[in-house]
Each structure stands twice: as C-alpha cells, then as structure tokens.
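The sequence and the structure are shown first.

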Amino acid sequence: MILAPPSNRGSVLIVVLWVTFGLVSMALYFAHTTSLNLRTADNRVAASSAQLAIDGAVRYLTNILATAETPGALPDPITYRSDGAPVGDATFWIVGRSLTTSSGSTPTTPVFGLTDETSRINLNTATAEMLQWLPRMTPQLAAAIVDWRDSDSTASEGGAEDDLYLRLPMPYRCKNSPFESVEELRLVYGMTSEILYGEDSNLNGVLDPNENDGDESPPADNRDGRLDPGLIEYTTVWSYQPTTTGDGSNRVDLASNDNQALATLLQEKLSTDRANAILRQLGNPATGFRSVLEFYIRSQMTAAELALIETNVMVAGTNSLAGLINVNTAPEPVLACIPGIGTERAPSLVARRASNDPRTPSIAWVTEILDTEQAIEAGPYLTGHSYQFTADIVGVGHHDRGFRRSRYVCDLAGATPRIAARRDLTDRGWPLGAPLRAQRLLALQNRR
Ligand SMILES: [Ca+2]
Ligand SMILES: [Ca+2]
Ligand SMILES: [Ca+2]
Ligand SMILES: [Ca+2]
C-alpha cells in the first residue's frame with residue numbers, strides 16, 4: 001500500500017471536509033427550499049380555500065337576500081351567519097356597521113352583517129349643496145364632484161372641468177358622465193386619499209390602534225379617540241329603486257294625475273271606504289306629489305295604511321328613483337346632508353328609529369320628528385326601502401391562514417338578484433381587530 005506523504009494526506013482531508021461541507025450545505029439548502037415551497041404551497045392552498053369560503057358566502061348571502069321575508073329591508077343579522085361561519089376548514093365573516101351609532105361615538109369592536117347601499121349619498125344624484133355637508137368636504141370639492149359627472153364643460157362656482165384637468169402635471173379630461181364606482185372619486189380635482197379614506201384605513205368602521213396614534217403609524221389621524229371616516233364611508237353609486245313591485249306590476253306614480261290607478265291600489269290594499277275617504281281628502285285630481293312622504297301627509301292615512309302600499313307607489317317625474325336615501329339605515333352624517341333634516345334633526349332620527357320594528361320598514365315615522373314643512377322638504381330624498389346591499393366578506397383558510405377580503409354589491413331591484421360590483425379589499429389589511437385574531441390563535445393552539 002502506498003501512503004500519500006503526510007502533507008498530501010492533510011490536503012485530502014481538507015478536500016474531503018470541504019466536499020462534505022458542500023454536500024451538507026446543499027442538502028440543507030434543498031431541505032430549506034423544499035420546506036419553503038411546502039409552506040408557500042400550504043399558504044396558497046389556505047388562500048384559495050379562503051377565496052372559496054368567500055365565493056360560498058356570496059351565494060349564501062344572495063340567497064338570503066333573494067328570499068328575505070321583508071323585501072326592501074336590511075335583513076336582521078340574527079337571521080343569517082355573518083360572524084365566523086365555517087365553510088369546510090375555512091371561515092368567513094361579513095364586516096358590517098352599527099345602525100345605532102351616533103356621530104359622537106365610535107365602535108371599537110367589529111360589527112357583523114350586510115350593509116345597505118341606500119344608506120349612503122349617491123354621487124350621481126346628490127346636489128353640491130347636499131355633498132357640502134359631508135365630513136371633510138369643501139364647497140370646491142363638492143362643485144368638482146358635480147362637474148365631474150355632469151355632461152357640460154362649464155365649471156360651476158369653485159368646480160373643475162377640462163381646463164383645470166388638462167393643466168395637471170399628468171393631464172387627463174373631466175369625465176362628464178356618471179360615476180361608476182366610489183373609488184373613481186380619486187380622479188376628481190382636489191381629492192386626496194385622506195379625504196376619500198379618512199382615518200379608517202382598513203375600511204371596517206372601527207377605530208383600530210393605528211388609526212388613533214397620530215403619525216406613529218399610517219394613516220394620519222388626529223388621535224382624538226373617535227373614528228373620522230372619509231367620503232368612501234358615506235357615498236355610493238349603486239342605490240336606486242325599482243319601478244315595479246315584487247310581482248312585476250308597475251308602481252303607481254304619485255306624480256302623475258292618474259287617479260284611477262291610485263284608487264284601484266287603495267281599494268285593493270285597504271278598503272273601498274278607506275280608498276274613497278283618502279281620495280276625498282286628497283281632492284281631485286290627486287296630483288303633483290313630490291314624494292311618497294308628501295302623499296302620506298296630505299292623505300292623512302295612518303302609518304299602518306302607508307306601510308301596506310309603500311312599495312306599490314313611487315314618485316318618478318322630476319325626482320329620479322336613483323339616489324333616494326333610506327332613513328331607516330342611513331348614518332347620522334348622511335341624514336345631516338338632507339334638506340329639511342340637517343345636523344339639527346339627524347341625531348333625533350337616529351335615536352328614534354332604534355325603537356322601530358325593522359321587519360316593517362316605512363318612512364311614515366319621520367313625521368314624528370320632522371314637522372310638516374321639514375318632512376315635505378326632505379321627502380324627495382327619502383325612502384324606507386333598499387334594494388342594493390353590500391357584503392364585505394373576510395375569508396381565512398385552514399389554521400386561519402390565507403386571509404382574503406372582497407366586497408360585493410348585490411342588486412335586488414331587477415327580476416333576479418345580480419352581483420353589481422366586486423372589489424378586492426385584501427390589501428386594506430385585517431379588518432377584524434387584534435383581539436379576535438389572538439382569540440382564534442389561542443383556540444387553535446388549545447386544539448392541537
Ligand atoms: Ca362636466
Ligand atoms: Ca378601522
Ligand atoms: Ca396613525
Ligand atoms: Ca380621529
């Protein structure tokens with residue numbers, strides 16, 4: 001046997017050591033990559049099961065809305081699953097809003113349930129005067145919003161049309177046609193993300209810690225212990241009322257002078273005697289009503305009687321059926337924008353409606369808060385019924401991994417329900433708060 005000289009043996013050993021080290025490193029590297037790949041794949045599976053939970057929730061909620069006992073009412077959250085509903089090993093939640101919050105208080109824990117698009121101000125129908133009352137709004141911005149959607153290129157006072165847009169560093173033209181989404185507000189001259197989103201950066205209606213710490217973490221906030229949301233919280237492009245009833249027949253237009261259609265409806269829903277008495281009260285022809293509320297006041301019918309015919313009547317004509325605001329669900333800052341209500345009477349409406357039965361929605365009760373003049377002024381902007389609802393759905397996969405969030409607008413005004421819009425909100429971050437997440441992680445550990 002020929003032995004290598006001692007110095008050579010040392011070199012061989014070093015080479016062998018290096019090779020071994022290399023092999024071990026490669027093995028470790030591949031193991032790590034494999035484990036990373038596995039984890040990525042696992043997260044991908046979790047994310048897709050979160051998405052499947054959301055897809056399932058959309059079908060479930062569309063069905064809840066389509067078969068609701070009271071068409072036109074926001075379904076009571078106790079009648080459906082919205083808080084941590086399991087779908088296989090995934091889970092979904094519906095991020096909702098409280099209907100009883102006054103502007104002075106701020107929810108600190110999430111509320112679950114569907115929300116009502118008709119509870120918001122419609123960007124395509126609201127006047128600049130109404131928009132001006134929204135939080136963070138200026139007269140110039142309100143004018144620019146109206147100029148953005150109106151077909152002409154004549155700027156209203158303080159507003160903005162082509163001439164201003166074309167002078168921007170990155171010029172573009174004024175749209176001059178209706179808003180197709182609320183997010184489109186970002187294009188309006190003078191809009192900032194602070195005005196649009198406000199302090200509620202994760203769009204959950206809850207004051208999260210980063211939304212009340214000043215500039216310590218985004219977003220910028222005033223650290224005053226209350227949530228000051230942006231325009232996105234109070235505006236919509238989706239609200240409109242159907243011109244037909246649930247059975248497909250046309251609603252009676254109270255603005256027309258077709259007394260016969262009204263008489264037939266009253267006889268059918270009430271009685272011949274009551275129909276005659278109401279028509280006598282209204283005088284002949286019973287015409288020129290600017291709102292259902294005005295008809296109710298002038299007819300002197302009872303609130304119970306109005307509730308029986310409310311979804312069978314409308315005021316078409318000058319007042320568009322798009323953009324009516326549901327007085328049963330609108331938050332205080334939205335009600336405050338309505339002529340005849342304003343900031344003085346919006347709080348009383350929110351307080352008073354808490355005692356209403358949500359299963360029999362109506363507008364009749366507002367006459368208990370507003371006097372006749374105020375009610376007639378507010379009437380053309382109000383409704384008691386909604387046909388567009390939003391499901392802001394959060395989904396997580398197995399072991400609470402793979403967070404996804406999407407917002408769907410479901411439109412029930414047509415013959416069959418349809419999804420009018422979908423927007424992914426995953427990048428807005430976790431909207432259900434740290435306590436809920438911690439609680440679920442603890443429950444997971446205890447199960448293991
Ligand atoms: Ca215009
Ligand atoms: Ca928030
Ligand atoms: Ca902050
Ligand atoms: Ca604040």
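## Loop positions

Glu69 sits in the loop that runs between helix H1 (6–66) and strand E1 (85–87). The model is predicted. Glu69 counts as exposed because 9 C-beta neighbours lie inside 10 Å, and an exposed residue is one with 12 or fewer. Along the chain, Glu69 and Phe389 are 320 residues apart, and their C-alpha atoms are separated by 15 Å.

The loop between H1 and E1 also holds Gly84. With 14 C-beta neighbours inside 10 Å, Gly84 counts as partly exposed. Leaving aside residues up to four places away in sequence, Gly84 touches Thr91 and Trp93. Gly84 and Gly72 are 12 residues apart in sequence, and the C-alpha to C-alpha distance between them is 26 Å.

## Backbone geometry

Most residues other than glycine have a negative phi, and most peptide bonds are trans. Several positions in the model depart from this pattern. Asn176 is not a glycine, yet has a positive phi of about 55 degrees. The residue is placed in the loop between helix H4 (162–165) and H5. Asn176 has 14 C-beta neighbours inside 10 Å and therefore counts as partly exposed.

Leu203, likewise not a glycine, has a positive phi of about 50 degrees. Leu203 is found in the loop between H5 and E5. Its surroundings hold 20 C-beta neighbours inside 10 Å, so Leu203 counts as buried; the cut-off for a buried residue is 20 or more.

Where is Pro219 placed? Pro219 lies in the loop between helix H5 (193–197) and strand E5 (235–236). The peptide bond that joins Pro218 and Pro219 is cis, with omega about 0 degrees.

| Residue | C-beta neighbours inside 10 Å | Class |
|---|---|---|
| Glu69 | 9 neighbours inside 10 Å | exposed |
| Gly84 | 14 neighbours inside 10 Å | partly exposed |
| Asn176 | 14 neighbours inside 10 Å | partly exposed |
| Leu203 | 20 neighbours inside 10 Å | buried |

## A helix pair

Helix H6 (residues 259–269) packs against helix H7 (residues 272–282) at an angle of about 140 degrees, and their axes are 7 Å apart. That angle makes H6 oblique to H7. On the H6 side, the contact is made by Ala263, Leu266 and Gln267, and on the H7 side by Thr272, Arg274, Ala275, Ile278 and Leu279. The crossing in which H6 passes H7 is right-handed.

Strand E10 (residues 388–396) and E11 run antiparallel and are joined by eight bridges. Within this pairing, Ala391 stands opposite Tyr408 in E11.

Strand E11 (residues 404–411) is also joined to E12, by six bridges, and these two run antiparallel.

Is E11 mostly covered or mostly open? E11 is mostly covered, with six of its eight residues buried. Why does strand E12 (residues 418–424) lie largely in the open? Of the seven residues of E12, the number buried is zero, so the strand lies largely in the open. In a regular strand the side chains alternate between the two faces of the sheet.

## The chain as a whole

The protein has 13 helices and 12 strands. Its C-alpha atoms fill a box of roughly 130 × 55 × 40 Å along the principal axes. The radius of gyration is 29 Å, whereas a compact globule of 448 residues would have one near 22 Å.

Buried residues account for 38% of the 448 residues. Of the contacts between residues at least 6 apart in sequence, 68% join residues at least 24 apart.

Key: Residues numbered from 1 in each chain as written. Chains lettered and ligands numbered in written order. Predicted model: local features only at pLDDT ≥ 70, side-chain atom pairs only at ≥ 80, totals over all residues. Helix = DSSP H or I, 4+ residues; strand = E, 2+ residues; numbered from the N terminus. Pairing = 2+ DSSP bridges. Rg over C-alpha atoms; globule rule 2.2 N^0.38 Å. Contact = placed C-beta atoms within 7 Å. Axes fitted to C-alpha atoms, helices over the stretch in contact; angles between N-to-C directions. Parallel < 35°, antiparallel > 145°, perpendicular 65-115°, else oblique. Left-handed = near helix turned anticlockwise from the far one by under 90°.
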